[in-house]
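Subject: Structure for your review

Dear colleague,

Please find below the structure that I am handing over to you, together with its sequence. My findings follow directly after it.

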Amino acid sequence: MRAFLFDLNGTMIDDMDFHTDAWHEVLNNDLGANLSREEVKKQMYGKNHELLVRVFGDEKFTEEEKDKISFEKEKRYQSRFKPHLKLIDGLSEFLEKAHSRGIKMAIGSAAITSNVDFVLDGLNIREYFPVVISADNVSVSKPDPETFLKGAEQLGMKPEDCIVFEDNPNGVEAARRAGMKCVVLTTMHEEYEFEGLDNILVFVEDYTDPFFEQFLNK
């Protein structure tokens, strides 16, 4: 255990309801998709452009239009979540302990760079993460392993020496394909939704779980 790779949304901050609300509003009120909130949640993985293609097809919007829609969605998300911006319980202490033990850490997220910056700078935790892999740094989103393989490479670590922290089955599958074990936060998905994924070390609600008391001492 020499490096940690953290997903961001739902793993470090509990903000997925705010993303869901913003997408639900944009997709339905602005774009007329007529999707239920649960249907929106099922589409919320990968890059924003990929989500728009899944919902509307490949020919509906130009790349410029996708950029504009994505920007509007993120603007609404950030403005509404900002008053609630904080790390998931116990994570601040966990990051400090990991950092003091010399464990290298990186972000591996499908979020766009501006959303990653919004969190790292808003919470003043950038010092822990010399490597950030965002949606803007990969050609294929999770469950493809590119995000985590790039993170490991830029940290100078072998995949088998990395542990991933995730909240989404697609992210856990990406870690599995990268050859990495995973700690799963149950902020957005229930345990049964990860059935068949054999690289999971533990399911936790937050970083105050007793699992973490011994985890860093292994």
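Lys-66 is buried, as its relative accessible area is 5%, and a residue counts as buried under 20%. Please keep in mind that this is a predicted model. Lys-66 belongs to helix H4. Apart from neighbours within four places in sequence, Lys-66 is in contact with His-49, Leu-52, Val-53, Asp-58 and Phe-61.

Helix H3 and its buried side

Helix H3 covers residues 48-56, and its residues Asn-48, Leu-51 and Leu-52 are buried. Why do these residues lie on the same side of H3? They cover an arc of only 100° around the axis, and this places them on the same side of the helix. The partners against which the buried residues of H3 pack are H1, helix H2 (37-43) and H4. Just after H3 comes Gly-57, which has a positive phi of about 90°.

How H1 and H4 meet

Two packed helices are described by the angle between their axes and by the distance between those axes. Helix H1 consists of residues 16-30 and helix H4 of residues 63-81; their axes come within 9 Å and cross at roughly 140°. H1 and H4 are therefore oblique to each other, since an angle has to be over 145 degrees to count as roughly antiparallel. The crossing of these two helices is right-handed. On the H1 side, the contact is made by Phe-18, His-19, Ala-22, Trp-23, Glu-25, Val-26 and Asp-30. On the H4 side, Ile-69, Glu-72, Lys-73, Glu-74, Arg-76, Tyr-77, Arg-80 and Phe-81 take part.

Phe-6 is placed in strand E1, which runs over residues 3-6. Is this residue buried or exposed? Phe-6 counts as buried, because its relative accessibility is 0%. Leaving out residues up to four places away in sequence, Phe-6 touches Met-12, Leu-91, Phe-94, Leu-95, Met-105, Ala-106, Ile-107, Gly-108, Phe-129, Phe-165 and Tyr-207. Phe-6 and Asn-115 are 109 residues apart in sequence, while their C-alpha atoms are 14 Å apart in space.

Backbone details in the loops

Most residues other than glycine have a negative phi, and most peptide bonds are trans.

- Asn-34 is not a glycine, yet its phi is positive, near 60°. This residue is found in the loop between H1 and H2. Asn-34 is exposed, because its relative accessible area is 70%.
- Asn-124 likewise is not a glycine and has a positive phi, of about 55°. The loop in which Asn-124 lies is the one between helix H6 (113-122) and E3. With 64% relative accessibility, Asn-124 counts as exposed.
- Pro-143 is joined to Lys-142 by a cis peptide bond, with omega near 20°. The position of Pro-143 is in the loop between strand E3 (131-133) and helix H7 (146-155).

Yours sincerely,
A colleague

How values were computed: Residues numbered from 1 in each chain as written. Predicted model: local features only at pLDDT ≥ 70, side-chain atom pairs only at ≥ 80, totals over all residues. Heavy atoms only, no water. Axes fitted to C-alpha atoms, helices over the stretch in contact; angles between N-to-C directions. Helix = DSSP H or I, 4+ residues; strand = E, 2+ residues; numbered from the N terminus. Parallel < 35°, antiparallel > 145°, perpendicular 65-115°, else oblique. Left-handed = near helix turned anticlockwise from the far one by under 90°. Contact = heavy atoms within 4.5 Å. Buried < 20%, exposed > 50% of the residue type's maximum accessible area, 1.4 Å probe, protein only. Arc of directions from axis to C-beta.
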